[in-house]
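I opened the model to look up helix packing, ring pairs and charges over rings. My entries follow the structure.

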Amino acid sequence: MKKYFVTAISTDSGKTLVSAILVNALQADYWKPVQAGMIETDSNTIRKLLNSEHSIIHPEAYRLQYPASPHAAAKKENIVIDPASIQLPDTDGNDLVIEGAGGVLVPLNDTAVVADLITQFDAEVILVSNIYLGSINHTLLTAEELKRRGIKVKGIIFNGEPNEETERIILKHTGYKKLLHVYPEEKITDAVVKAYAVKLFEHWYE
């Protein structure tokens, strides 16, 4: 079983869509260990985007109601997130796509951050970089932290309107492989996810 951890350079960067694409391309299981503040959970969104009886979606270890950083949402509910209690689900040999909460330094409690889960799970990162003014800095800072922690990175997926110079300089400084570019779509459907999954799979083993 291979474990891929989808993280990003900011919140609302397209992690869930990218996770759906990965699950489709790899016929993998999906898991979001910590969910905070979504009426429509990311797991439910994945179910709709995949529209497949073959997709196995594992329940969250922590399902929090308040829309905030996991540590703050947990505090509102008198809960302390204990990373040691978060155990990988049994995938029966399938690869596992793990979706993180926010970016790598989002706090889970007063001492642990999302990056600690990546290390705990010994997962390989798929980094989502949504393109906006300032995204170069945010992407390079994220890459530096991943390198500092010795975390393996499979590659980067860009999200948004293409910007050739932004992508070029990010790839040059990080040394990461570009896996895919997800463009703005009028509507995200299971057909859109499948089309991107085909593109991703074509270059996955290069």
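These notes go from a helix crossing to the aromatic rings.

I am working on a predicted model, where local features need pLDDT of at least 70, side-chain atom pairs count only at pLDDT 80 or more, and totals for chains, interfaces and linings use all residues. Numbering runs from 1 along each chain as its sequence is written, and side-chain values use heavy atoms, with hydrogens and water left out.

**Helix crossing.** I looked up H1 (residues 15–26) and H7 (residues 190–204); their axes come within 8 Å and cross at roughly 65°. Axes are lines fitted to C-alpha atoms, for helices over the stretch in contact, with angles from 0 to 180 degrees between N-to-C directions. Helices are DSSP runs (H or I, at least four residues), as are strands (E, at least two), numbered from the N terminus. The contact (heavy atoms within 4.5 Å) includes Leu17 and Ile21 of H1 and Leu200, Phe201 and Trp204 of H7.

**Ring pairs.** I searched the whole structure and found three aromatic pairs (centres within 6.5 Å; planes under 30 degrees apart are stacked, over 60 edge-to-face, the rest tilted). Tyr4 and Trp204 are edge-to-face, 5.2 Å centre to centre with 80° between the planes. Tyr4 is in strand E1 (residues 3–8) and Trp204 in H7, so this pair ties together parts 200 residues apart in sequence. Phe201 and Tyr205 are also edge-to-face, at 5.8 Å and 85°.

**Charges over rings.** I noted Lys154 with its charged end over the ring of Trp204, 4.6 Å from the centre (cut-offs: NZ of Lys or CZ of Arg within 6 Å of the ring centre and within 35 degrees of the ring normal). Lys147 lies over the face of Tyr176, 5.7 Å from the ring centre.

Definitions and conventions:
Phe/Tyr/Trp six-rings, centres within 6.5 Å; stacked < 30°, edge-to-face > 60°.
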